[in-house]
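Try each task before reading on.

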Amino acid sequence: MTIFRCEQIDVAQLAYQYVSANDPDVIGVEVMLDGNLLFDIAMNPAGETSILFDADGWKAEFDLNSLRSVLTKCEAELNAWREGLIKPGEIWSD
């Protein structure tokens, strides 16, 4: 396997789209650059998170601390959204 280097992505240029799905029941954040999906972070009702990288091609190189900040931001926003969904009477309440 050969990995080619590319310019590091400036995280200030990233766009975020918040999405939800019913099968499986998750909420998520699609992280995009110039309209192209880089990765998707999803959270289920139990608060478990996962990340799916787009395998179709965007060469993406991040500074590690910048990537951590993006992941932390997304997880915090998903947690806040989840908290609203698990309140009594809401869609994810028991």
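**Exercise 1.** In which sense do strand β3 and strand β4 pair, and over how many bridges?

*Solution.* Keep in mind that this is a predicted model. Start by locating the strands: β3 covers residues 36-43 and β4 covers residues 49-53. Their pairing is antiparallel and runs over five bridges. Finally, look at the link. β3 and β4 form a hairpin, with five residues between them. Gly-47 sits in the turn and has a positive phi of about 90 degrees.

**Exercise 2.** Find how many salt bridges a search of the whole structure gives, then describe the one made by Lys-73.

*Solution.* The search finds two salt bridges. In one of them, the side chain of Lys-73 meets that of Glu-77, at 3.0 Å from N to O. Now place the pair. Both residues lie in helix α1, which spans residues 64-85. They are four residues apart, about one turn of the helix.

**Exercise 3.** Classify Lys-73 and Glu-77 as buried, partly exposed or exposed.

*Solution.* Buried means under 20% relative accessible area, and exposed means over 50%. Lys-73 has 32%, so Lys-73 is partly exposed. Glu-77 has a relative accessible area of 32%, so Glu-77 is partly exposed.

Technical notes. Residues numbered from 1 in each chain as written. Predicted model: local features only at pLDDT ≥ 70, side-chain atom pairs only at ≥ 80, totals over all residues. Heavy atoms only, no water. Salt bridge = Lys/Arg side-chain N within 4 Å of Asp/Glu carboxyl O. Helix = DSSP H or I, 4+ residues; strand = E, 2+ residues; numbered from the N terminus. Buried < 20%, exposed > 50% of the residue type's maximum accessible area, 1.4 Å probe, protein only. Pairing = 2+ DSSP bridges.
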